[in-house]
Amino acid sequence: MHPTTATIVRRWRWAATTTAVLLLIGGSVLLAGSRPVGGTADALPDRVGTPPWGALRITDPFPIGAAAVAVSGFGGDDAGAVAVVDAGADRYRVHRVGVDAPAGEVVLLSPDGTRLAHQWDSAQGGTGVRIRHLGDRTVAALGPGDAASVLTRPLAWSPSGDQLVVVDSVPRTSDRSAYAAVVSLVDVADGSVRKLATVDDTLVAGYAVAFAADGRRLALQSGSRLTIMDLGSGRRHTLDLPPGRTLAGKGAWQPDGQAVTLAERDGDDWRLVAVDPVTGADAPGPRLPTVADVTAVRLLGWRPDGSALVVAYQPASAGMSGVWALSQRIHAGHVGGVQLVSLAPGADAPTVWMTFADGVRAVDVADRAVATGTVRPAQVPSRWPGPRLWLWLAVGLAVVVVPVTVRLRRRYRAAGD
């Protein structure tokens with residue numbers, strides 16, 4: 001027995017009502033995901049999760065103004081994705097870079113947390129850096145710094161955020177069997193390029209470059225050589241680093257600019273050592289606690305109380321104390337997880353500042369958030385699908401249901417006539 005026209009219309013009215021409710025729910029969830037939920041601006045959350053499937057993207061029309069943290073390494077299909085966490089609330093946004101994108105290495109959060117810089121490669125073989133603004137969602141293209149480049153990567157933001165250090169891999173031979181690393185300083189506003197150095201292609205992203213706080217000096221490490229550059233006068237000199245020591249990370253310069261911090265490895269134990277930037281001799285200063293049983297540490301900056309904020313990379317398996325290169329030790333496949341720890345002068349052990357969900361293997365932190373020295377209680381995202389899924393589900397149902405409902409309503413009215 002076939003249903004009457006009236007019955008069909010009632011069913012489609014019910015479907016239309018359901019669609020409207022889903023749209024309302026989707027819109028509510030979307031707005032909830034875009035609205036601040038409290039917290040202190042420019043404070044670091046005490047925990048960071050992984051964004052749920054269907055999380056909002058930084059390109060969606062519900063932007064955040066600035067981020068405190070960027071994380072990556074979710075595994076699976078998200079190897080090329082990075083998530084940013086709002087500087088004052090538990091709001092997550094996702095960006096798919098398109099290449100393997102470890103935060104703090106290939107994807108860099110600007111000092112004020114308002115922009116992301118990341119490697120970009122086109123299908124036609126072009127390369128460069130893309131800078132994405134988290135507030136107005138605009139995109140700027142930089143580089144390459146060398147016209148012969150086959151790969152351009154960002155290395156470090158200047159403290160003001162006006163410039164970006166990039167490295168270009170340039171073939172040394174016609175068969176591309178050897179490469180040089182051309183390091184350049186690029187003006188973000190006008191794209192002008194200043195060549196800084198050409199070195200062997202042995203730069204370790206995340207460790208290669210550190211700016212002094214005033215932006216006037218820069219430390220660049222290639223292999224075992226550390227070059228100190230005065231960007232104003234152009235003067236530079238090179239220090240030879242002993243085995244087991246490396247530039248500690250983007251926060252390597254001490255706040256007063258009198259010393260540069262190196263990370264020193266002894267098996268799976270790491271400690272920070274201050275050295276004179278002119279002589280390379282160990283500089284006097286308070287002792288910082290050792291970080292034990294980790295694959296590597298990376299110095300992000302200094303808190304107002306004088307403690308160092310570092311990323312501690314947890315090993316994926318035992319036996320990491322071999323002679324592996326630093327680039328291998330921080331590779332996502334060899335990292336089981338990360339923690340953000342504070343090393344206070346004279347303390348016996350590190351203090352854990354931030355924990356991360358399973359699967360997070362790389363992190364970057366905005367300099368402004370480090371400088372506040374503030375941590376806020378945070379909630380990690382629920383594992384329910386994110387707002388994007390609900391919105392698209394509601395829109396999809398509306399696309400199907402609404403036109404059919406309109407046609408049936410017209411047919412019903414015509415039958416009544």
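Student: How do strands E7 and E8 pair, parallel or antiparallel, and over how many bridges?
Tutor: In this predicted model, E7 (residues 115-121) and E8 (residues 127-133) pair in the antiparallel sense, over seven bridges.

Student: Nice. Which residue is the bridge partner of Asp121 in E8?
Tutor: That is Thr127.

Student: And what sheet do those strands sit in, in what order?
Tutor: They belong to an open sheet of four strands, ordered E6-E7-E8-E9, with antiparallel pairing. E6 and E9 (139-142) are the edge strands, and each of them pairs on one side only. From one strand to the next, the twist averages 25 degrees.

Student: Let's stay around E9. Where is Arg137, and what is its phi?
Tutor: Arg137 is in the loop between E8 and E9. Its phi is positive, about 65 degrees, although Arg137 is not a glycine.

Student: Why is that worth a remark?
Tutor: Because most residues other than glycine have a negative phi.

Student: Got it. Is Arg137 buried, partly exposed or exposed?
Tutor: Arg137 is partly exposed, because its relative accessible area of 37% falls between the 20% and 50% cut-offs.

Student: Which other arginine has a positive phi?
Tutor: Arg176 does, at about 55 degrees. You can find Arg176 in the loop between strand E11 (163-171) and strand E12 (179-187). With a relative accessible area of 49%, Arg176 is partly exposed.

Student: And the peptide bond from Gly143 to Pro144, cis or trans?
Tutor: The bond is cis, with omega near 5 degrees. Pro144 is in the loop between E9 and E10. For context, most peptide bonds are trans.

Student: Okay, pockets. How much space lies in the largest pocket?
Tutor: About 550 Å³. The lining has 31 residues, and the ones nearest the centre are Phe211, Lys250, Gly251, Leu300 and Asp367.

Student: Which element gives the most to the lining?
Tutor: Strand E21 does, with four residues. E21 (296-302) is among the elements that each supply at least two lining residues; the others are strand E6 (107-109), strand E10 (151-157), strand E14 (209-211) and helix H3 (367-372).

Student: How do the lining residues divide by type?
Tutor: There are 20 nonpolar, seven polar and four charged residues.

Student: You mentioned E14. What sheet is E14 in?
Tutor: E14 is in an open sheet of four strands with antiparallel pairing, in the order E14-E15-E16-E17.

Student: How many bridges join E14 to E15?
Tutor: Three, and E14 and E15 (residues 217-222) run antiparallel. As an example, Val209 has Leu220 as its bridge partner in E15.

Student: What strands does E3 pair with?
Tutor: One is E4 (residues 81-86), in the antiparallel sense over five bridges. Another is E25 (residues 362-365), also antiparallel, over four bridges. On the E4 side, Val71 is the bridge partner of Ala83. On the E25 side, Ala70 has Asp364 as its bridge partner.

Student: Where does Arg361 sit?
Tutor: Arg361 is in the loop between strand E24 (351-356) and E25. The residue is partly exposed, with a relative accessible area of 24%.

Student: What does the side chain of Arg361 reach?
Tutor: The backbone oxygen of Gly73, at 2.9 Å. A polar atom of the Arg361 side chain also lies 3.1 Å from the backbone oxygen of Gly359.

Student: How far apart are Arg361 and Ala316?
Tutor: They are 45 residues apart in sequence, and 9.9 Å apart in space from C-alpha to C-alpha.

Student: Last one: is Ser342 buried or exposed?
Tutor: Buried, because its relative accessible area is 4%, and buried means under 20%. Ser342 is in strand E23 (residues 335-343), and its side chain makes a polar contact of 3.1 Å with the side chain of Ser307.

Key:
Residues are numbered from 1 along each chain as its sequence is written. This is a predicted model: local features need pLDDT of at least 70, side-chain atom pairs count only at pLDDT 80 or more; totals for chains, interfaces and linings use all residues. Side-chain values use heavy atoms; hydrogens and water are left out. Two strands pair if DSSP finds at least two bridges between them. Buried means under 20% relative accessible area, exposed over 50%, partly exposed in between (1.4 Å probe, protein chains only). A polar contact is a pair of N or O atoms within 3.5 Å; within protein, one must be able to donate a hydrogen and the other to accept it, and residues adjacent in sequence count only if both atoms are side-chain atoms. On a 1 Å grid over the protein atoms alone, a cavity is a set of points where a 1.4 Å probe fits but cannot get out, and a pocket is an open set with protein on both sides within 12 Å along at least five of seven lines; lining residues have an atom within 4 Å of a point. Grid points are joined across faces, edges and corners, and a volume is the space filled by probe spheres set on the points. Ala, Val, Leu, Ile, Met, Phe, Trp, Tyr, Cys and Pro count as nonpolar, Asp, Glu, Lys and Arg as charged, and the others, Gly among them, as polar. Axes are lines fitted to C-alpha atoms, for helices over the stretch in contact, and angles run from 0 to 180 degrees between N-to-C directions.
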